[in-house]
Each structure stands twice: as structure tokens, then as C-alpha cells.
Amino acid sequence: MTRSKERKLVAEARNGSEDAARQLVDSHKDRLFAFVWRIMRKHDEAEDICQEAFLRAFDSLDSFSSQYRFSTWLFTIGYRLCLNHIRRRKSLTGEMDFSSLASPEPDAAVCLAESEDARLMKSKIWEAVGRLSPPQKAAVMLFYREGMSCEDIARTLEIPMATVKSHLHRARGRLRDSLAALVKDWTQIPSLRDIAS
Amino acid sequence: MITCQNARDLFDLYLDGELSASLQTELHAHCLQCLSCQNELAMLETCGDVIALDRGEPRLSASFTDRVLAARRSRMVSAPRRWPLVLARVGLPLAAAASITLAILLTMPGENTRTITAGQKVAQPEDVQNLLIGQTGASRSEAALKELRMTPKVASSGFVNELLTPLIEQGRVTVERTMRGTEDLKFLIQRSLADGNQPLQELWQATQVEMPVFEFSTDSPGPSIRWWETPTIIPLEPAEQDTLEAL
């Protein structure tokens, strides 16, 4: 969606247009859900958070600054809601439920058609990503999946840019520690990038 | 030639796309000769590619968009008026009434400065008395009206007509608006309670416990009804009155 069309839709949604709101939801819901689901790893919670994020965004459209992308704003709201849910979950159970982070839900294994080795490789990588802290996961997802710059990630997560870089650095270190033993020679997997795409 | 440690220090900048061209050349040159660094960089790049491109997440429910829009409609219907506007409507008249009352209380002579004895009626400008009987008489009890009529009168002056009468009228209008605003607020709270607004229910219950019931009544004792009785109006000398009216 072009920036001008997005601004137009936001303006119409602000005036109560349901059609504009529908277009905004349809064009952002999958990206937001992927981001939220990677942090929460629970389908129901992720869907509830996405719904609440859209509702809060619509409720406060008056305060939306058109100099930023609507998606940036949505990710900011979604990330805050994720942190709130995680804090609530932590306060209820006394500690984090890492079991939900370690292994993805069965319906998460919907991957592209590929070889068994490649599928296993990606599964291991996602498991390693799942073991990152929520801010590290958020930074990694926004950087790689959304293609955001460190500056945009800092604005989205509402943290300093140096902290974003630190999260990315630590995340890569943890991925390296988790995956180093998985494959002896990563350079001998030339097809992985092609398979991923 | 850079060392392995130097190369690893450059990985983040390289992967973030912030490494200068010359350092990129150095890094690539090092990786060509160092299988360990080459392997580590390939692993990190593969991770990035998988995160960027592999869509392993579950799908949203098909009805997600409809649910969001239905929830939005529901919110818009249940909150047709914004609370700040309601509070402004109620709060502003209330604040005006409080300001007037406070100003009168602050300018009232103290007990020890009054020159009348207990039980003695203070003379009241005739215009003020007529105004009070005529405009607020319907809401007063017979006893209050009788007491009002028995209050000694003094002749009105230009000062009363020009200043006090508008002030009383303004105060009456303010009190009426405040009462209407309070009724509106009460209605909205009751409707929200009926809609099952949990936070508001809790707030309302807390309010019921902690705050006394507040009623407006022109017959209740206190500054709101008695304020006009307290000032001592000293009749002007004929010469002074002529001068004042000429002004």
C-alpha cells in the first residue's frame, strides 16, 4: 500500500468509514499477527492482542501522526500489549511459561514444501528464535521480516537505537550459540536461502 | 589483514548494512581465508534469511477482520459521548458556582465584626427580596417564604440594580445548569452500569461508600441560601445617594 493511499484510508477511517477501516485491517493483519505470534507463541493470545491493537489504533486515530507509517504505529501498540500479556502471565504463574516458547504449536509447522533436512533446519532456527527474550524477538522480527532500520525499530519499540543494536547483537550471539553445533559447515548449504524464499 | 576477532566485531555492522565498502572488502578477504569466520557469517545470514522469508506462522481466523470491525462498531455505539465533554459540561457550572460561593464567603464579614444582635434581621434591599421571592419562590417552603417576607427592607439603590441583581441571576442560572449537569451525569452513569461497565461499576460503588449524597436545595441552611442575608447594607445619606445615582 502506498503512503498516500494509507494516509487517505486513515483519514477516512477517522471520519468513521468502515470500508477504510476494513482495508487497513486487511492490509496489516497478517504482518501484525506474525510479529505478535512470534513473541507470544499462543494463537489465541496473539489473535486477541491483534484485535485489541487494531481497536486501540482506531480509537486514537486522532492522535496518529501521518509522518509515520500506520504499520509502525500498529507494531508499537502490539508490542506494548505483548509485554503487558507477558507480565500478566508472569504474575499469574510466578514465572515465564517457557514451554510455550520452546516448541511451536502444531499448526505452526505449515512451511513451504521442501526437503526434510531443510525443514528441520528451519524448525531449529525458529526454536532458537523462540528462546530469545521478547525484546530480542521483536527487534529480530522487525529487522529481518519487516526490513526496518534500527532507527525505525527504536521508534516502534520506544527504546534508544543503541538498545536496538544491543538486542540484535545479543540475539545473534544466542542464535550462534544455539545453532553452531547443528551444522558443521553452513557454507555447504547453498540451497537454504533459495528454499527459504 | 584483520584478525578473527576483528572480523567477528564487524559482523553486526555488516549484517545491519552499516559497514563501509572498504571494511566489507577486508571482511570478505578474511572470510576467504578463514573457514571458521566464513561458517559463522554464513550461519547468521541463513538465520536472517529464514526469519525474513519463512512464513511458518499459523493463519489468522478467517473472520478476524469482521470481528475487529464488529468490536469497533460496538465501542462506537457504547461510547457516543466522550467523558471529557460530559465532565466539562458538569464541571464548568460547578466550578463557576463554587467560585461565586467562595468569593462571597471570603468577602462575608466575620461573626465578631457584625453589628447586629442574635436573632435580629438584617435589612435587605427591596429589589433583592422581590427577586428572590419571584424567581426562587416555587422551590421554597412556605416557612422560608414567610421568613423572607418578614425580613426588613431597605430602599434599593443603583448599586443593587446594576451589580447585585445580575449577580444573583447569574448565580441562579449557574446552579440550575449544575443541577441539570448532575442529572445528566447520573443518567450516564446509570446507563453505563446497566451496560455492565465493570470499571465504572467499581468506581460508582467506591463513590457511594466514600462520598455523601449531595443535594441541591435552596431551602437548606448554609451559604448557598443565606449569603444574601449576611452583608450589612448601610443606607446612604441623601446627598451620597444623589451622587451615586449621578455616577
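**Ground rules**

I number residues from 1 along each chain as its sequence is written, and chains are lettered from A in the order in which they are written. Because the model is predicted, local features need pLDDT of at least 70, side-chain atom pairs count only at pLDDT 80 or more, and totals for chains, interfaces and linings use all residues.

**Entry 1: chain A overall**

I looked up the elements first. Chain A has ten helices and zero strands. Helices (H or I, at least four residues) and strands (E, at least two) are DSSP runs, numbered from the N terminus. I then checked burial. Of the 197 residues in chain A, 35% are buried. A residue is buried if 20 or more other C-beta atoms lie within 10 Å of its own, exposed if 12 or fewer, and partly exposed in between, with C-beta atoms placed from the backbone. Next came contacts: two residues are in contact if their C-beta atoms, placed from the backbone, lie within 7 Å. Among the contacts in chain A with a separation of 6 or more, 65% join residues 24 or more positions apart.

**Entry 2: the core**

I looked for the largest nonpolar core and found 62 residues in it. Such a core is a set of buried Ala, Val, Leu, Ile, Met, Phe, Trp, Tyr and Cys residues joined through C-beta atoms within 7 Å. Helix 2 of chain A gives the most to this core, with ten residues. A:Val36, A:Ala53, A:Ala139 and A:Val140 have the most contacts inside the core. I followed A:Ala139. Leaving aside neighbours within four places in sequence, A:Ala139 contacts A:Ile153, A:Leu157, A:Val164, A:His167, A:Leu168 and A:Ala171.

**Entry 3: where the chains touch**

How many residues does each chain bring to the contact? I noted 46 residues from chain A and 30 residues from chain B. Helix 2 (18-40) of chain A is one of the helices that supply at least two residues to this side. Helix 2 of chain A also gives the most there, with eleven residues. By class, the chain A side has 25 nonpolar, five polar and 16 charged residues. Ala, Val, Leu, Ile, Met, Phe, Trp, Tyr, Cys and Pro count as nonpolar, Asp, Glu, Lys and Arg as charged, and the others, Gly among them, as polar.

I also looked up B:Leu69, which is in helix 4 (residues 64-78) of chain B. B:Leu69 touches A:Glu18, A:Ala21 and A:Arg22, not counting residues up to four places away in sequence. B:Leu69 is partly exposed, with 18 other C-beta atoms within 10 Å.

**Entry 4: two helix pairs**

I compared axes, which are lines fitted to C-alpha atoms, for helices over the stretch in contact; angles run from 0 to 180 degrees between N-to-C directions. The axes of helix 9 of chain A and helix 3 of chain B come within 10 Å and cross at roughly 110°. Angles under 35 degrees count as roughly parallel, over 145 as roughly antiparallel, 65 to 115 as roughly perpendicular and the rest as oblique. Here A:Arg172, A:Leu175, A:Arg176 and A:Leu179 meet B:Glu40, B:Met43, B:Leu44 and B:Cys47.

Inside chain B, the axes of helix 1 (residues 4-15) and helix 3 (residues 35-53) come within 10 Å and cross at roughly 20°. Helix 1 of chain B and helix 3 of chain B are therefore roughly parallel. Their contact has seven nonpolar, two polar and one charged residues.
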